[in-house]
Amino acid sequence: MFQFNLILGAFFGIVLVVGGPIAEPYAAQKFATDLKAKAVDMPGDIGPDGRPGMPVKVISEVDRQESAQRWGKYQDGLRYLAIHAVALTVLGLVSGGRWGQVLGGIGFSLGTLFYGCGIAFSALLNMPTLAVFAPMGAIFLLMGWIGLMLAAFQVRRTPTAVA
């Protein structure tokens with residue numbers, strides 16, 4: 001189970017790097033494109049001859065705030081992914097008991113998928129229904145932290161020889 005937790009921690013770390021620094025410009029472009037799609041045509045200014053000017057695309061302040069909130073949620077999802085990828089890796093490095101490893105590995109793995117990835121993907125895909133998995137993910141993450149604590153308590157200390 002130690003190796004499994006290390007591999008999953010590394011996998012989530014890779015997903016974080018791909019979703020963060022590598023994909024961030026594409027995600028930012030997607031958010032900008034989604035925001036531009038919400039622009040509505042407003043009549044242009046009336047000219048001195050009384051004719052209306054060219055229509056102007058306007059984005060409402062509410063749409064701008066919603067886009068900023070979605071971007072923040074995407075960043076939060078990546079942040080939770082980072083924290084729990086490190087926690088899963090630490091769990092794999094702790095040579096604690098089997099039950100702590102199993103409980104922590106399952107908890108961190110499923111919790112990271114449902115919570116961190118669920119928040120990030122719901123923001124990125126503009127599908128708030130994906131965020132309904134976040135509370136279940138939080139329960140799994142709690143299980144993961146309890147498993148890490150249990151694994152730490154089960155660490156067998158070997159006495160060191162005094163020279």
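Reader: How are helix 4 and helix 5 oriented to each other, roughly parallel or roughly antiparallel?

Author: An angle over 145 degrees between N-to-C directions counts as roughly antiparallel. In this predicted model, the axes of helix 4 (residues 98-124) and helix 5 (residues 134-153) cross at roughly 150° and come within 6 Å. Helix 4 and helix 5 are therefore roughly antiparallel to each other. The crossing in which helix 4 passes helix 5 is left-handed. Sorted by class, the contact between helix 4 and helix 5 holds 19 nonpolar and nine polar residues, with no charged ones.

Reader: Which residues does Gly111 contact, leaving aside its neighbours within four places in sequence?

Author: Gly111 belongs to helix 4. Beyond those neighbours, Gly111 is in contact with Ile106, Gly116, Gly137, Phe140 and Leu141. Phe140 is 29 residues from Gly111 in sequence, yet their C-alpha atoms are 4.5 Å apart in space. Under 20% relative accessible area means buried, and Gly111, at 0% relative accessibility, counts as buried.

Reader: At what angle do the axes of helix 3 and helix 4 cross?

Author: The axes of helix 3 and helix 4 cross at roughly 165° and come within 8 Å. That makes helix 3 and helix 4 roughly antiparallel to each other, and their crossing is left-handed. The contact of helix 3 with helix 4 has 14 nonpolar, ten polar and two charged residues.

Reader: How is helix 1 oriented to helix 4, roughly parallel or roughly antiparallel?

Author: Angles under 35 degrees count as roughly parallel. For helix 1 and helix 4 the axes cross at roughly 20° and come within 10 Å, so the two are roughly parallel to each other. The crossing of helix 1 and helix 4 is left-handed. Helix 1 contributes Phe2, Asn5, Leu8 and Phe12 to the contact, and helix 4 contributes Gln101, Gly105, Ser109, Thr112 and Leu113. By class, the contact of helix 1 with helix 4 divides into four nonpolar, five polar and no charged residues.

Reader: Which residues touch the most other members of the largest nonpolar core?

Author: The largest nonpolar core has 23 residues, of which Phe31, Tyr74, Leu88, Leu91 and Phe108 touch the most other members. At least two residues of this core come from each of helix 1 (2-22), helix 2 (24-37), helix 3 (61-93), helix 4 and helix 5. For Phe31, the touching residues are Ser67, Arg70, Trp71, Tyr74, Ala123 and Leu124, not counting residues up to four places away in sequence.

Reader: Where does Asn126 lie, and what is its phi?

Author: The loop between helix 4 and helix 5 contains Asn126. Asn126 has a positive phi of about 55°, although it is not a glycine.

Notes. Residues are numbered from 1 along each chain as its sequence is written. This is a predicted model: local features need pLDDT of at least 70, side-chain atom pairs count only at pLDDT 80 or more; totals for chains, interfaces and linings use all residues. Side-chain values use heavy atoms; hydrogens and water are left out. Axes are lines fitted to C-alpha atoms, for helices over the stretch in contact, and angles run from 0 to 180 degrees between N-to-C directions. Helices (H or I, at least four residues) and strands (E, at least two) are DSSP runs, numbered from the N terminus. Angles under 35 degrees count as roughly parallel, over 145 as roughly antiparallel, 65 to 115 as roughly perpendicular and the rest as oblique. A crossing is left-handed if the near helix is turned anticlockwise from the far one by less than a right angle, and right-handed if clockwise. Ala, Val, Leu, Ile, Met, Phe, Trp, Tyr, Cys and Pro count as nonpolar, Asp, Glu, Lys and Arg as charged, and the others, Gly among them, as polar. A nonpolar core is a set of buried Ala, Val, Leu, Ile, Met, Phe, Trp, Tyr and Cys residues joined through side-chain atoms within 4.5 Å. Buried means under 20% relative accessible area, exposed over 50%, partly exposed in between (1.4 Å probe, protein chains only). Contact means heavy atoms within 4.5 Å.
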